[in-house]
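Hi,

Here is the structure I said I'd pass on.

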Amino acid sequence: MKNHLKLIAAPKTWFVPRKTKVFTLRPSPGAHSLEFGMPLGLLLRDELKLASTMSEARKIVNSKEVLVDGLARNDHRFMVGLFDVLSVPKLKKQYRMLLDKKGRLRLAEINAKEASVKLAKIVGKTALKGGKIQFNLHDGRNIVSDAKAQVGDTFLVHVPDAKVAKIFPAKKGSKVFLIKGKHAGDVGVLKEIKGVEATYTVDGADVDTAKEYLFVVGDKDAEISLE
C-alpha cells in the first residue's frame, strides 16, 4: 500500500486544504472506513497544532503521549474514526471526532468525564452458544453480551474496556445524528422508520433520509456533546 494519498482524492469528509499540496498522509487500514476516519498524525499537526511537522507528530505518537479510546497508540497513521475519543493526558485535553454541519470530520473538545464513554452503533449481530449474542459495532469492536438490542441500535460503552452502560434503540422519539447524505451533521428526533427509509424532525420540519444514515445518540436528549 502506498504511504501517501493525493489530496484531490481524499474523502470529502476530511477538513484538509486541497490546493496547497499534492499529497497527504494515508492512514493505516483500520476499523473505520477512509470516509469516517483520519490519521492520528494529521490530526495532531493540522487540527490540534501540537506539532509543526509530521516528524514531530510521529515523535509525539511514538512516545505514547496520545490515547485513542483510552489506549496509547504508537502509529501516526492510526485511523481516528467517528465518535472516537482522542486524549492527550499531559495537556489534560480530550476530544471527540464528530461531523460538522457540512459533513466534515472534526475534533470537538470534551471534558474528562465524557471522554470515559463513547457511542457505538450496532451494524451486525450473530447468535452464539449459551444464548449469548456477538454484536458488531461501527468502530470494529465485537462485544459478546445477552443484551436485548437490534442492528441499528446504539450502545453507550465505557472506554477502553467496552463495557456496555446503556442501550439506545432506534425508535420513535430517539435523538439521532445524521452521518451521511446531504443532511450529514444534523441532529433531530426520529419520527418513523419504514423499510430502508426513515423520517426525522429537526427545527419543526420533517426530513426524509435513509435508515442507514441514522446514528442514535440518546433517548430524548443526546447522551454526548455534539457541538
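Before anything else, a word on burial: buried means under 20% relative accessible area, exposed means over 50%, and partly exposed is in between, with a 1.4 Å probe and protein chains only. On that scale Leu 91 counts as partly exposed, because its relative accessibility is 46%. Leu 91 sits in the loop between β7 (85–88) and β8, and its C-alpha atom is 9.6 Å from that of Glu 65, 26 residues apart along the chain.

Some housekeeping: this is a predicted model, so local features need pLDDT of at least 70 and side-chain atom pairs count only at pLDDT 80 or more, while totals for chains, interfaces and linings use all residues. Residues are numbered from 1 along each chain as its sequence is written, and side-chain values use heavy atoms, with hydrogens and water left out. Helices (H or I, at least four residues) and strands (E, at least two) are DSSP runs, numbered from the N terminus.

Now the helix pair. α1 (residues 40–47) and α2 (residues 54–62) pack at about 120 degrees with their axes 9 Å apart; axes are lines fitted to C-alpha atoms, for helices over the stretch in contact, and angles run from 0 to 180 degrees between N-to-C directions. The two are therefore oblique to each other (under 35 degrees is roughly parallel, over 145 roughly antiparallel, 65 to 115 roughly perpendicular, and the rest oblique). From α1, Leu 40, Gly 41, Leu 42, Leu 44 and Arg 45 make the contact, and from α2 Met 54, Ala 57, Ile 60 and Val 61; contact means heavy atoms within 4.5 Å.

α1 itself is mostly covered, with six of its eight residues buried. Among them are Leu 43 and Arg 45. After the helix comes Lys 49, with a positive phi near 60 degrees.

Leu 40 and Leu 44 turn up again in the largest nonpolar core, which has 47 residues; along with Phe 83, Leu 86 and Phe 177, they have the most contacts inside it. A nonpolar core here is a set of buried Ala, Val, Leu, Ile, Met, Phe, Trp, Tyr and Cys residues joined through side-chain atoms within 4.5 Å. A second, separate core of 11 residues includes Phe 135, Ile 143, Phe 155 and Ala 162.

Last one: Gln 94, in strand β8 (residues 93–99). Gln 94 counts as buried because its relative accessibility is 13%. Leaving out residues up to four places away in sequence, Gln 94 touches Leu 86, Ser 87, Ala 108, Glu 109, Ile 110, Asn 111, Ala 112 and Ala 115.

Cheers
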